[in-house]
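Have a go at each one before you read the solution.

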Amino acid sequence: IVKGFPPVSPFIGVSPTLCFLLKEKKPLCCLQLAQVCEHCSYRNAKEYQWQNKTIILAADYASNGIYNFIIPLRAHFRSKTSLNPIILLLERRPDIAFLDAISYFPLVYWMLGSIDCLDDLLRAGITLAENVVVVNKELSNSAEEDTLADCNTIVAVQTMFKFFPSIRSITELSQSSNMRFMQFRAHDKYALHLSKMEKREKERGSHISYMFRLPFAAGNVFSASMLDTLLYQAFVKDYVITFVRLLLGIDQAPGSGFLTSMKISKDDMWIRTYGRLYQKLCSTTCEIPIGIYRTQDTSSADAS
């Protein structure tokens, strides 16, 4: 594994990004996770015996946007030993041009399958996964009504949540109002209280009434419509798109920083307020906190 600029990009006119690459391009047959070829005899993610947990991206088809998903996860500022294997769970076979673009990245694989199928999830190594990213099912969701626009995605993710409650997932929905159905639990008094609060916020005319829903606050769900508001602003603020690309790590510029995350444990509770956290990070590590996700680690009693 070496550092360099990707020799093949699905986009034209985009500045190259320094990241980890393979010295030699991986054969296209070896990119398929569960397919035996002359170079590899593994049939599922567990047989590879990776040191780090995997990241699974489930999508209908291989769009060029997946390339932008891979770039920050192979960025040069990451440690070579901390790279997470990326598994693309696709319902349609990707074209050769897409496979050619991702064949230069280390530990990137794809397989045909769907999150609706338990066997496909197990083959993709969901029990070894650190995160599962679910792209909205544009092809199979109902296009007749807005309220049903996310139906198949919600049912599939809810089933996955039921079978694997400890898995951290990030789901894309097209309608922000459907966030209330994510990670649904019957007889949840706290969720019921939040739904009443959300209703009051809607009556007041709020556009972000879902803000206090736990799945959204924990970063488990987002709506594509949120990105539309950024595009609206780009008409009068021409730097918005450049800034967001730098923030996400898709582009790089001399002297620019990068997006990272840190866990707040019980040992850090002395900080107490967000203002003091901001002051501490700015004065010690020159980091700027831009938000807090509320998460719950199911493997231990500590909240982060």
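**Exercise 1. Work out how far apart R123 and D120 sit in helix 4.**

Start with the sequence: R123 and D120 are three residues apart in helix 4 (residues 118-123), so about one helical turn separates them. Helices here are DSSP runs of H or I with at least four residues, strands are runs of E with at least two, and both are numbered from the N terminus. Keep in mind that this is a predicted model, where local features need pLDDT of at least 70, side-chain atom pairs count only at pLDDT 80 or more, and totals for chains, interfaces and linings use all residues. Residues are numbered from 1 along each chain as its sequence is written, and side-chain values use heavy atoms, with hydrogens and water left out.

Next, look at the side chains: R123 and D120 form a salt bridge at 2.6 Å, N to O. (That takes a side-chain nitrogen of Lys or Arg within 4 Å of a carboxyl oxygen of Asp or Glu.)

Last, check accessibility: D120 is buried at 10% relative accessible area, while R123 is partly exposed at 34%. (Buried is under 20%, exposed over 50%, partly exposed in between, with a 1.4 Å probe and protein chains only.)

**Exercise 2. Find which parts the K25 and D100 pair ties together.**

First, the count: there are two salt bridges by this rule. The side chains of K25 and D100 make one of them, at 2.4 Å from N to O.

Then place the partners. K25 is in the loop between strand 2 (19-21) and helix 1, and D100 is in helix 3 (residues 96-102), so the pair ties together parts 75 residues apart in sequence. K25 is partly exposed at 38%, and D100 is partly exposed too, at 21%.

**Exercise 3. Trace the largest nonpolar core and what gives the most to it.**

Step one: this core has 31 residues, and L33, I56, I87, I115, I126 and V132 have the most contacts inside it. (A nonpolar core is a set of buried Ala, Val, Leu, Ile, Met, Phe, Trp, Tyr and Cys residues joined through side-chain atoms within 4.5 Å.)

Step two: the elements giving two or more residues include strand 3 (54-59), strand 6 (129-134) and helix 5 (151-163). Helix 5 gives the most, with four residues.

Step three: zoom in on I126. Skipping neighbours within four places in sequence, I126 is in contact (heavy atoms within 4.5 Å) with I56, L121, V132, M160, F164 and I167.

Step four: apart from this core lies another, of 23 residues, among them I71, L88, I102 and W110.
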